[in-house]
Amino acid sequence: MSIEVIVIMVVAVAVLGIFGNGARRRRKRDDEGTRIVIVNNDEDIRIETGQSDDKPRGGSVFAKLLTMIVSLAAGFAAAGFVIVNFLEPNMGPIDPFEPLAVLLYLVFGLIIYGIIRAFARR
């Protein structure tokens with residue numbers, strides 16, 4: 001395996017380790033069940049479930065920023081690997097700022113971002 005592939009795997013495992021703990025905590029919190037409290041004052045009786053009507057909050061800004069930076073860096077490395085090993089032997093030298101290279105950077109970055117987010121949500 002080349003060094004680029006190893007670096008991409010190490011970075012992906014580190015990010016999954018960071019986000020995996022949050023997913024386990026959320027799953028554990030959701031499995032606690034619903035608590036029902038019956039409030040009986042002299043005038044009325046009502047049932048409270050113990051859950052708030054607040055919408056669930058998304059991930060932290062730091063986690064989103066870290067995911068974006070890591071996926072862009074890994075996408076840049078993966079696109080560089082593809083360009084050097086598959087495109088340059090057929091097309092000749094490719095400038096790093098050529099539209100094809102920039103498009104590959106973005107496409108691979110988005111693919112890796114989607115993969116990281118998919119595994120982090122489990």
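1. Ile115 is partly exposed, at a relative accessible area of 43%. The term covers values between the limits for buried (under 20% relative accessible area) and exposed (over 50%), with a 1.4 Å probe and protein chains only. Ile115 belongs to helix 3. Helices here are DSSP runs of H or I with at least four residues, strands are runs of E with at least two, and both are numbered from the N terminus.

2. On the basis of the numbers: this is a predicted model, in which local features need pLDDT of at least 70 and side-chain atom pairs count only at pLDDT 80 or more, while totals for chains, interfaces and linings use all residues. Residues are numbered from 1 along each chain as its sequence is written, and side-chain values use heavy atoms, with hydrogens and water left out.

3. The secondary structure consists of three helices and two strands. In sequence order the pattern is α-β-β-α-α. The protein has 122 residues, of which 19% count as buried.

4. Ile115 is one of the residues of a nonpolar surface patch of about 520 Å², together with Leu16, Leu103, Val107, Ile111 and Phe119. Such a patch takes residues with over 30% relative accessible area and no salt bridge; nonpolar side chains (Val, Leu, Ile, Met, Phe, Trp, Tyr) are joined within 5 Å, and like charges within 9 Å. A salt bridge is a side-chain nitrogen of Lys or Arg within 4 Å of a carboxyl oxygen of Asp or Glu. Areas come from the Shrake-Rupley method with a 1.4 Å probe, and for residues only the protein chains shown count as cover. Helix 3 (residues 99–120) gives the largest share of the patch, five residues. An α-helix has 3.6 residues a turn, so residues three or four places apart point the same way.

5. How many aromatic pairs does the structure hold? There are two. Phe76 and Tyr105 form a tilted pair, 4.6 Å centre to centre with 45° between the planes. Because Phe76 lies in helix 2 (residues 61–91) and Tyr105 in helix 3, this pair ties together parts that are 29 residues apart in sequence. Phe76 is partly exposed at 48% relative accessibility, whereas Tyr105 is buried at 17%. Phe81 and Phe86 have ring centres 6.4 Å apart and planes at 85°, so their pair is edge-to-face. Phe81 is partly exposed, with a relative accessible area of 27%. The pairing rule takes rings of Phe, Tyr and Trp (its six-membered ring) with centres within 6.5 Å; planes under 30 degrees apart count as stacked, over 60 as edge-to-face and the rest as tilted.

6. Helix 2 has a kink of about 40°, centred on Ile83. The bend at a residue is the angle between axes fitted to the seven residues ending there and the seven starting there. Ile83 is also among the buried residues of helix 2, a list that includes Ala63, Val70, Ala74, Gly75, Ala78 and Ala79. Just after helix 2, Gly92 has a positive phi of about 95°.

7. Is Ser71 buried or exposed? Ser71 counts as buried, at 2% relative accessibility, and sits in helix 2. A polar atom of the Ser71 side chain lies 2.9 Å from the backbone oxygen of Thr67. For the backbone oxygen of Met68, the distance to a polar atom of the Ser71 side chain is 3.0 Å. A polar contact is a pair of N or O atoms within 3.5 Å; within protein, one must be able to donate a hydrogen and the other to accept it, and residues adjacent in sequence count only if both atoms are side-chain atoms.

8. Ala120, in helix 3, is buried with a relative accessible area of 7%. Its C-alpha atom is 8.4 Å from that of Val15, 105 residues away along the chain. Glu4, in helix 1 (residues 3–30), is partly exposed at 33%.

9. Pro96 is in the loop between helix 2 and helix 3 and is partly exposed at 41% relative accessibility. The C-alpha atoms of Pro96 and Ile83 are separated by 9.4 Å, the two residues being 13 apart along the chain.
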